[in-house]
Amino acid sequence: LVVVATYDSGDTADSGDTGDYGTGYYTVYDDSSAIAVEVPLDWVELDGGMWEATWGTQAFKAASVIATPDMAGYNNLTAPGIWFAASEDWGNLGGYVQLLDGVKGWYRDDYDCDFVERGDYGEEDPIFEGGYDIWEDCGDYGATVGIIAARPKDDPLAYLVLLQVQMLTDPDIEALDQILLTFDKVGKLP
């Protein structure tokens, strides 16, 4: 992963930081520098490796980045974080609705989340349009998870993106605004 910039509001963090993200954000990239997003400064555990998998009979590769303050906690829904991925191959699975449908089982079955709503995404976003799902009461700590599946407005058939934001506290929810303003494809997808 490459960190290219940090943004500081003027506050200073100390070792007793309680998760107030007023101290700023920094930009993280996947390992291939194809996608980027700004995350809170204390989300320092990162994984930018390529995501390769098969859904049904369709194999795909996706640029991927996970950022969290605690990777083990993120993986069991006890810590906040994001997982942002983008792939040209996902168009072979269908559109952004099919992408949202494809991950529903993770939250419904694997994490025992309660489905809250599905809606349209992108009215305020100049780059992407798509859909979102909201899940609540995920895992033992009752995490809220927002999922966005979207396509670029200027070339809807080029690629799809998937953004998962996992939130447990008010500062996590406040960080969502910065994440939504900054997630983007910035280079060539694998």
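Biologist: Which residues does Q166 touch, not counting residues up to four places away in sequence?

Modeller: This is a predicted model. In it, Q166 touches G73, Y74, L77, A79, P80, G81, A143, T144 and V145. Q166 has its place in strand β11.

Biologist: Why is Q166 called buried?

Modeller: The relative accessibility of Q166 is 2%. Buried means under 20%, so Q166 counts as buried.

Biologist: What makes the pair of Y74 and Q166 a polar contact?

Modeller: The backbone oxygen of Y74 lies 3.0 Å from a polar atom of the Q166 side chain. The cut-off for a polar contact is 3.5 Å between N or O atoms, and 3.0 Å is within that limit.

Biologist: Q164 is in strand β11 too. Why does Q164 count as buried?

Modeller: Its relative accessibility is 7%. The limit is under 20%, so Q164 is classed as buried.

Biologist: What is Q164 in contact with, leaving aside its neighbours within four places in sequence?

Modeller: The list is Y74, G81, I82, W83, Y107, V145, G146 and I147.

Biologist: Which residues line the largest cavity?

Modeller: Q164 is one of them, together with W51, W83, A85, V103, W106, Y107, I147 and L162. The search of the whole structure finds 1 cavity of 30 Å³ or more. The volume of the largest cavity is about 50 Å³.

Biologist: Which elements give two or more residues to that lining?

Modeller: They are β7, α2 and β11. The largest share, 3 residues, comes from α2.

Biologist: What does the side chain of D133 make a polar contact with?

Modeller: The partner is the side chain of R118, at 2.6 Å. That distance is within the 3.5 Å cut-off. R118 is also among the residues in contact with D133, as are L100, K104, F115, E117, V145, G146 and I147, leaving aside neighbours within four places in sequence.

Biologist: C138 is found in strand β9 as well. Why is C138 called buried?

Modeller: The relative accessible area of C138 is 0%. Under 20% is enough for the label, so C138 is buried.

Biologist: What does C138 touch, not counting residues up to four places away in sequence?

Modeller: It touches L77, Y111, C113, A143 and V145. C138 and N76, which are 62 residues apart in sequence, are 9.4 Å apart in space, C-alpha to C-alpha.

Biologist: How many aromatic pairs does a search of the whole structure find?

Modeller: It finds 18 aromatic pairs.

Biologist: Why is the pair of F128 and Y159 called edge-to-face?

Modeller: The ring centres of F128 and Y159 are 6.4 Å apart, and the planes stand at 80°. Centres within 6.5 Å make a pair, and planes over 60 degrees apart count as edge-to-face. F128 and Y159 are therefore an edge-to-face pair.

Biologist: What makes this a link between distant parts of the chain?

Modeller: F128 is in strand β9, and Y159 is in the loop between β10 and β11, 31 residues apart. Both residues are buried.

Biologist: Which residues do ring pairs link into a cluster?

Modeller: The cluster holds W51, W55, F60, W83, W90, W106, Y107, Y111, F115 and W135.

Biologist: Which residues of helix α3 are buried, and what do they pack against?

Modeller: P171, D172, A175, I179 and T182 are buried. The buried residues of α3 pack against β2, β3, β7, β11 and β12.

Biologist: How many helices and strands does the chain have?

Modeller: The chain comes to 3 helices and 12 strands. Of its 190 residues, 45% are buried.

Terms used. Residues are numbered from 1 along each chain as its sequence is written. This is a predicted model: local features need pLDDT of at least 70, side-chain atom pairs count only at pLDDT 80 or more; totals for chains, interfaces and linings use all residues. Side-chain values use heavy atoms; hydrogens and water are left out. Helices (H or I, at least four residues) and strands (E, at least two) are DSSP runs, numbered from the N terminus. Buried means under 20% relative accessible area, exposed over 50%, partly exposed in between (1.4 Å probe, protein chains only). Contact means heavy atoms within 4.5 Å. Rings of Phe, Tyr and Trp (its six-membered ring) pair if their centres lie within 6.5 Å; planes under 30 degrees apart count as stacked, over 60 as edge-to-face and the rest as tilted. On a 1 Å grid over the protein atoms alone, a cavity is a set of points where a 1.4 Å probe fits but cannot get out, and a pocket is an open set with protein on both sides within 12 Å along at least five of seven lines; lining residues have an atom within 4 Å of a point. Grid points are joined across faces, edges and corners, and a volume is the space filled by probe spheres set on the points. A polar contact is a pair of N or O atoms within 3.5 Å; within protein, one must be able to donate a hydrogen and the other to accept it, and residues adjacent in sequence count only if both atoms are side-chain atoms.
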